[in-house]
Amino acid sequence: MYLPHHFEDTDPQAVRDIIESCPLATLVVSASTGLAANHIPVIADGAHAMIGHVAAANDLHRTVDDGAPVLLIFSGEDSYISPNWYPTKPQHHQHVPTWNYQVVHIHGRITFTRDDKAKRAIVGRMTKQFETAMNGSKAWKMADAPPDYMTAMIKNIVGFTIDIDRVLAKSKLSQNRELEDFSNVISELEARVLRGLSSRMRKLQD
C-alpha cells in the first residue's frame, strides 16, 4: 500500500474502530489456482490474531496451505472531495478533486480448523459480538436454534485463525490541506452524514 507518512494512522484505537465498524474484510491470498479474494466478516482474537470462517464449499481452504501468508483489507468510510469545498479555491484555484478514506491492512498467516468444537467457539464469539452490537439484550444466541440444525450448519463451515505479522493503517483525511480547507471539508462531510470520516478528522483537528 502506498503510504505517505502524513497519511499513516498509528493510533491503535483508531485502527480498532475501523476494524470493528467495518468487519467485512477482503481476504487476499495467493492460492494454488492463482490470486483470490474473498469477502468475509472477521473479528479480533486478542491483540495478535483474527478469526473467522468460510463455507466448506469455498475452495479457499483447499487451495491455500496452513501457514500461508494472507492479507486482510478493512475499508472504512470514504468520500469524494470536491475542490469547491475549499474556501481557499477562489484565491488561486490550485486545487483538484481527491478522495478521502480510511483503510487497514493486516498481514498474517492463516491456519484452518475443521474441528467442530473450535468452529462452534468461533461462531459463538462472532455471533455474540455482532448480535450484541445490533440487538443488545434481545441478541440472537446459537442456543435459540434447534441443536441438530446448528450441528448441520457447523459442519458446513471451516474456521480459520490469522496470526498477525504486521498492521498498516491509512487515514487520508485532508491532513495536507490548509486549516480552513480542512475544517470546511469536515463540515461538508457532516452535512452528508459521513460521520466516520468527519469524527476522525475532528479528532485530528483537536
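## Two loop residues with positive phi

In the loop that runs between strand E7 (157–172) and helix H6 (179–191) of this predicted model, Ser174 is found, and its phi is near 65°, a positive value in a residue other than glycine. Is Ser174 buried or exposed? With a relative accessible area of 3%, Ser174 is buried, because that value falls under the 20% cut-off.

His93 also has a positive phi, here near 60°, and is likewise a residue other than glycine. The loop that holds His93 lies between helix H3 (89–92) and strand E6 (98–113). His93 has a relative accessible area of 56%, and it is therefore classed as exposed, the cut-off for that class being over 50%.

## The sheet and its edges

The strands form an open sheet of 7 members, in the order E2-E1-E5-E6-E7-E4-E3, and the pairing is antiparallel. At the edges stand E2 and strand E3 (43–44), each of which pairs on one side only.

Two helices pack on this sheet. Helix H4, which spans residues 116–135, touches E2, E3, strand E4 (49–55), E6 and E7, and the direction of H4 makes about 105° with that of E4. Helix H7, made up of residues 195–205, touches E5 and E6, and the direction of H7 makes about 100° with that of E6.

## The pairings of strand E1

In general, the strands of a sheet pair through backbone hydrogen bonds, in either a parallel or an antiparallel manner. Strand E1 (residues 24–31) and strand E2 (residues 34–41) run antiparallel and are joined by 8 bridges. How many residues lie between E1 and E2 in the hairpin that they form? There are 2 residues between these strands. Within this pairing, Leu24 has Pro41 of E2 as its bridge partner.

Strand E1 also pairs with strand E5 (residues 68–81), again in the antiparallel sense, over 4 bridges. Which residue of E5 is the bridge partner of Val28? That partner is Leu71, while Val29 stands opposite Val70 in E5.

Methods
Residues are numbered from 1 along each chain as its sequence is written. This is a predicted model: local features need pLDDT of at least 70, side-chain atom pairs count only at pLDDT 80 or more; totals for chains, interfaces and linings use all residues. Side-chain values use heavy atoms; hydrogens and water are left out. Two strands pair if DSSP finds at least two bridges between them. Buried means under 20% relative accessible area, exposed over 50%, partly exposed in between (1.4 Å probe, protein chains only). Contact means heavy atoms within 4.5 Å. Axes are lines fitted to C-alpha atoms, for helices over the stretch in contact, and angles run from 0 to 180 degrees between N-to-C directions.
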